Amino acid sequence: MNILKLSTDNPYLKLFTNLLTGMILSVMIYSIVITCFNTVMIGLLIPIGFILSIIIKQYRKRERLIETMRISPGIILLCLIILLLISGFNLYFLWDTNNHILVPPEDDKVFYARVADYLNYSRIESSYLDYFNNNRPEPYHYFEIWLTALLGRFTGLNTLLIQQISINSILSLALSFGALTLVNHFKKVTFIDIIICLLFPFFIGIKFPFIPHQLFHRFDYYFFLNAAVYQKYFIINLLVLASSYFFMTKRPDIALIILLPLCFFNFALLVSITVSVVIFCLVIKTENRIRIILASLLSFVFIMLFYKLNLRTDVMLENPPIPSLLKDTLTSYSNTIIAFDINAKNFVQLIITFFPFVIVFIYLWKKGTIDSYSLKTLTFLVLLLFTISSIEWSIFTKKVNSIQLFYNLSVPITSIFFFIISILFIFRLKNLKRYLAYAFLGIWCGYCCIYSSKGLNNTKEESTNNYSPEYLKSVNNQIIKLSNQGGYMGYKNHKNIGYMAYSYKPFLALIKNNINIILIEETKDITPETDSIFLSQQKTFLKVLIFNRYIEKQKANNTFITEEQSRIDFIKENHLNFVIADKNIVIDSLLQKIIDTTFIDPNNGEKFIVLKK
């Protein structure tokens, strides 16, 4: 901020701004250095450049560095308390008090940590983990993953623990101060405001159990997942908070450009963000309209060209383009009905889950509180983003696993919007009514927090019940001594393969970074999926699996004998040190000949097999 000659007197805004810009610039610089300029993060120079062209004032007085960095002791104490609370909250769901061991979170979180390891290991920005040098860049939500990779590189600590404790704490701190910045724009911050903003990651819609299930689609449980659980929500929440602040200060031009980095941080938001920003500029009177539209178009073109010129993996090339999906939806009556049903349920669910805040919004509108230009424009943008992302998701859901096209944007942005509405409403109230409104808001957030915590506890219990402490200790001792290369036998579930974490055991991520386990079974006999979301991608995923490619190569060279022999050849050629096999897997005679030691888990029958060197 000092370099840009931008002074921020508000302590909440000062901390929020420096945390957000510091993280974004750190991620951009680190990703560029580690990938030797082969990262989509280079494109961040486009929105950053346009923002600087608007906000820099040449004749503004520059503060001394020590003045810029000065933060009051009270704010520092608040930061430490928030960091400790969030760290403790996350550590609680990793520590098994009965067996005194760390347990892994959900598979997705383990996978994010694996991607962070892979970024540092391969220097390739890809979520398709191929340690055998047959990989290219692939779109994903990289911001929080790059942040984990950055801390992992300089500390050498376990990336899963960094991600779940350190990164969650830092991002939650930024999120709390972003919420406090908005509160302070309307009113003086009180102790109750600080508590509410600490719970802000849980500010999501409540599904009422007495509402008929037919009104919702099958992913309605997603409204109970929050930024504290799904890190890919964090940067969306943070940038939408920053954008909302500029709308409130009547700078919609900067607010719109601030949304553009989301396209680089999460590929799924590319169309939703850029199209919404362009439409907004054409409909609403906005300063620097030409610059905003140009920044949007350049961002879109850069991202598309980046992945096109980098020759994306087969996984991405198999996805049909948007024009063909639109044509398929509009020219088929059955597909049109599906798309209409999905959108109708999205909007019904939005209204029902946020019903109390919708009532408050209508009340404020009638009272004239919402009559300001800034809040009207913010309302229009929220509805525009929600509508476009919902329509886009309804088209894609019949073809590919792109549920996040709707949820990655609509849930965070509507949550923030209704948070602002709540603050406006509380600001208008006095005495007892204000405390009642605070109590309602606190109960709402508290209920969501408890419900989310139950889900995390269930995951924790599943992890602790899966393995015995003795087995985990034995595996830990062996993994430390062995190399990171291993094989896996057991999965017959295409859905897990579709997530590209098909052969990974989550508990291993807590033992050692960069453990690479390859599925060493041919998958041609896997039962086809009945779910249309995964069915269209099945053949593509199966085709790119490493062992499948190895067998196809042997067949092409006329060296293939049997799958069992190919497995031995693959183990020797790639120097695999161990194999993990599920309970019902039969160890063939060829594999038995190269086994050194076998450890069997009494709980689930899983085998950890150390191979002869």
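Visitor: On what basis are the residues numbered and the values computed?
Guide: Residues are numbered from 1 along each chain as its sequence is written, and side-chain values use heavy atoms, with hydrogens and water left out. This is a predicted model, in which local features need pLDDT of at least 70, side-chain atom pairs count only at pLDDT 80 or more, and totals for chains, interfaces and linings use all residues.

Visitor: Is strand S3 buried or exposed?
Guide: Helices (H or I, at least four residues) and strands (E, at least two) are DSSP runs, numbered from the N terminus. Buried means under 20% relative accessible area, exposed over 50%, and partly exposed in between (1.4 Å probe, protein chains only). Gln485, Gly487 and Met489 point one way from S3, Gly486 and Tyr488 point the other way, and all are buried. Five of the five residues of S3 (residues 485-489) are therefore buried.

Visitor: Which residue in S5 stands opposite Tyr488?
Guide: Two strands pair if DSSP finds at least two bridges between them. S3 and strand S5 (residues 578-581) pair over four bridges in the parallel sense. In S5, the residue opposite Tyr488 is Ile580.

Visitor: In S4, which residue is the bridge partner of Gln485?
Guide: S3 is joined to strand S4 (residues 516-519) by four bridges, and the two run parallel. The bridge partner of Gln485 in S4 is Asn516.

Visitor: How are H1 and H6 oriented to each other?
Guide: Axes are lines fitted to C-alpha atoms, for helices over the stretch in contact, and angles run from 0 to 180 degrees between N-to-C directions. Helix H1 (residues 11-34) and helix H6 (residues 143-155) pack at about 70°, their axes 9 Å apart. Angles under 35 degrees count as roughly parallel, over 145 as roughly antiparallel, 65 to 115 as roughly perpendicular and the rest as oblique. H1 and H6 are therefore roughly perpendicular.

Visitor: How is H16 oriented to H18?
Guide: The axes of helix H16 (residues 333-353) and helix H18 (residues 373-396) come within 9 Å and cross at roughly 140°. H16 is therefore oblique to H18.

Visitor: Which residues of helix H26 are buried?
Guide: The buried residues of H26 (residues 563-573) pack against several elements, including S3, S4 and S5, where contact means heavy atoms within 4.5 Å. The buried residues are Ser566, Arg567, Ile568, Phe570 and Ile571.
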